[in-house]
Amino acid sequence: MAVVALKNVGKQYPGAASLAVEDFNLTTHDGEFIVLVGPSGCGKTTTMRMIAGLEEHTQGTIEIGGRDVTGVVPKDRDIAMVFQSYALYPHMSVRDNMAFSLKLKKYAKADINKRVEDAAEVLGITPLLDRKPRALSGGQRQRVALGRAIVRQPQVFLMDEPLSNLDAKLRVDMRAEITKLHRKLGVTTFYVTHDQTEAMTMGQRIAVMKDGVVQQIDSPNNLYQQPANVFVGGFIGTPAMNFLDAAVANGTATGPDFSLALDAARREVAGTRERLHVGIRPEHLHLAGNEADAQSLKGEVEVVEPLGALTMIQVRVGDTKVTAQIEPHQQVEMGDTVALTCAADKLYLFDTESQDTLIGIDSGVADQPAA
Amino acid sequence: MPNDRDLLLASTITHDTETARAAARREKARRAPAKWLLAPAVIFLLVWMIVPLAMTGYYSFRNYNLMMPSITGWAGWTNYKILWGDPTFWSALGVTLLIVVVCLAVTVGLGLALALLFHRNFVGRGVARTLAVAPFFVMPVVTGLIWKNMLFHPAYGLLAWLFRTLGFEPIDWLAQFPLASIITMISWEWTPFAMLVLLTGLQSLPEDQLEAVRLDGANKWHEFRHIVIPHLGQVLYVVVMLESIFFLTSFAEIYTTTSGGPGTASTNLPYYIFQGTFVQYDIGVSSAAAIGAVILANIFAIFLIRFVAGNLNAGEAR
């Protein structure tokens, strides 16, 4: 268990025009679960590989447990990594796979057996110990890969998209199991994923990355309520936030087929701006009644997706597609013209130029301040 | 009296059997031309493999010496007895095995070393790799002549020149170390093959396994011993099997250089059979020796390869 500190860490690949990772700053708490999330090519895996020592960082310093690990080879960093492809050793049994690192460190045989069996017990793979990886299912291989990491009792766990090769149901199960395992072992963990649901459900803090640059590092709720910019707002949350380009006049944001009144707080941050990006999450949009509402978006329903517990509809407002989440009992047909409404305090406002957030939403849920 | 339900059931069953029969008919109709299309390949195999093998077996039990055409008829086990009592046959057998085993060791060892070298990135790798592979494209007869006249020759050879330049007496390699010379030539020819196949094997090794083992605390030797070698198991198996088959039948390199000599020092089984047939004209005894060679090849195919496969069981790991 250890604190990992990344200070101004950057990575320049030889011959590359721009930095793969730029000025990454993050200091973990002891035993924290950090998720690195972003679209492919955003530098999240590179960042993890730099912590592992599989890639050299070219700028800044990385400290693990207070020790600068620049130039330290991977095996001396006291970390364990779970690979996306699991990278199990195909010719070794599950037991040997898990025991391999301990054998290399010349642990006593009894000690190795105990550790392997304890880990197998925790992961529920004791009956599989004498099988070869090829005789295991995807989920079982995943557990073995985790087992190989935990027998080491390392200071830091690194997990590189460990669930992406599993089917949807298993992924949800393993997600919960990894979270439980982390709580049990309390080891500082870095977890890379491109799936924002995984990030939100697992991370204590989430670092959202784009094009090698960290956009925001914060708790899941803060990312949802107070995204740093348009990118984070759109990346976090499913279905994604709707964005409308609006003109501001007389405390009202308007555009083709929509008109949204701003409350006092939003009028204040809007200031003298004439244009704004308005962000509305699908779950904050409701079907409006017949009464003409000042707070409304009008358009034709293009897609209706009943999901059972709720229904998603896509409405064309002006030339923007807006997704709204409605109750399943509200009968809406494709081709209907509907009016949607949103509470004034659920509007996100972004600066048109810088794309930075002017104001987020306040859910009333008390959240621990971001460290 | 059957009710409606039974009738319905019965008709379904008849219907089902009818579809099954139709399917069988279609299957049969599909298979008929397949037989004819396969026939040329099967006939080819019969003519070129089974027939010569059967004829060799037949001759090995006949009195059949071109120098003594009057003696014919069944020989019983005589040809085999002659063979059994011929010390040259046994020495040829020994030479054959020695060539196979030593050449295997040299080509696989050197091939692996070169494959590891060429797996790394360095300037001019493409050119160097092409040059390293070149010997494999030289015909065995040409290999023999190049080595005999340009490298091993005691007067004009490169090695002789090298020795004289350094102030030593030149060595007549083919006369003094005939077997070592032949093993050198064959290994020179076949190392590129081993290298190429092993290099392909190395290139198919997933990078993340090496990274995993590095994080697990392995040094270079551990990586090689616990990941690279097991991964190469299946490929090694192919190399050993193919090379064994070719080394067992080495002939051109011997024919063009030592002619099996001095004496019978470099006579292997193929060369022994050749001499029996085309020098002594004893078809019967040579056929018996050929059957011996077939048995030897099969022993190799079964035992050696099983042994290799058993030791490097990575084959079953994938």
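Select strand E3 of chain A: both of its faces are covered, with A:Phe33, A:Val35 and A:Val37 buried on one side and A:Ile34 and A:Leu36 buried on the other. Buried here means that 20 or more other C-beta atoms, placed from the backbone, lie within 10 Å of a residue's own; 12 or fewer makes it exposed, and anything in between partly exposed. Helices (H or I, at least four residues) and strands (E, at least two) are DSSP runs numbered from the N terminus. The model is predicted: local features need pLDDT of at least 70 and side-chain atom pairs count only at pLDDT 80 or more, while totals for chains, interfaces and linings use all residues. Residues are numbered from 1 along each chain as its sequence is written, and chains are lettered from A and ligands numbered from 1 in the order in which they are written.

E3(A) covers residues 33-37, and five of the five are buried, so the strand is largely enclosed by the rest of the structure. A:Ile34 has A:Phe190 as its bridge partner in E8(A).

**Chain A as a whole**

Zoom out to chain A. Its secondary structure comes to nine helices and 21 strands, and its C-alpha atoms fill a box of roughly 80 × 45 × 40 Å along the principal axes. Of its 371 residues, 42% count as buried. Among contacts in chain A with a separation of 6 or more, 65% are between residues 24 or more positions apart; a contact is a pair of residues whose C-beta atoms, placed from the backbone, lie within 7 Å.

Next select helix H1 (residues 44-52) of chain A. Nine of its nine residues are buried, so this helix is largely enclosed by the rest of the structure. Among them are A:Lys44, A:Arg49 and A:Ala52. A:Gly53 follows the helix and has a positive phi, near 90 degrees.

From A:Ala52, move to A:Met81, which touches A:Ala52, A:Ala149, A:Leu158, A:Asp160 and B:Leu215, not counting residues up to four places away in sequence. Which residues touch the most other members of the largest nonpolar core? They are A:Leu36, A:Met81, A:Leu158, A:Val278, B:Leu198 and B:Ala289, in a core of 149 residues. Helix H3 (residues 87-119) of chain B gives the most to this core, with 12 residues. Such a core is a set of buried Ala, Val, Leu, Ile, Met, Phe, Trp, Tyr and Cys residues joined through C-beta atoms within 7 Å.

**Between the chains**

Show both chains. The contact takes 19 residues from chain A and 16 residues from chain B. On the chain A side, strand E6 (79-82) and helix H2 (94-104) each supply at least two residues. That side divides into 12 nonpolar, three polar and four charged residues, where Ala, Val, Leu, Ile, Met, Phe, Trp, Tyr, Cys and Pro are nonpolar, Asp, Glu, Lys and Arg charged, and the others, Gly among them, polar.

Now pick B:Asp216, in the loop between helix H9 (207-215) and helix H10 (220-248) of chain B. Is B:Asp216 buried or exposed? With 25 C-beta neighbours inside 10 Å, B:Asp216 counts as buried. Leaving aside neighbours within four places in sequence, B:Asp216 is in contact with A:Phe100, A:Ser101 and A:Leu104.

**Two hairpins in chain A**

Go to strands E11 (residues 242-249) and E12 (residues 252-255) of chain A, an antiparallel pair with three bridges. A:Ala247 stands opposite A:Thr254. The two strands form a hairpin with two residues between them, and A:Asn250 in the turn has a positive phi of about 55 degrees.

Continue to strand E13 (residues 258-261) of chain A, which is antiparallel to E12(A) and joined to it by four bridges. A:Gly255 stands opposite A:Phe258. In this hairpin, two residues lie between the strands and A:Asp257 takes a positive phi near 70 degrees.

Finish at A:Ser164, in the loop between strand E7 (156-160) and helix H5 (168-185) of chain A. A:Ser164 is partly exposed, with 14 other C-beta atoms within 10 Å. A:Thr193 is 29 residues from A:Ser164 in sequence and 8.2 Å away in space, C-alpha to C-alpha.

Technical notes: Two residues are in contact if their C-beta atoms, placed from the backbone, lie within 7 Å. Two strands pair if DSSP finds at least two bridges between them.
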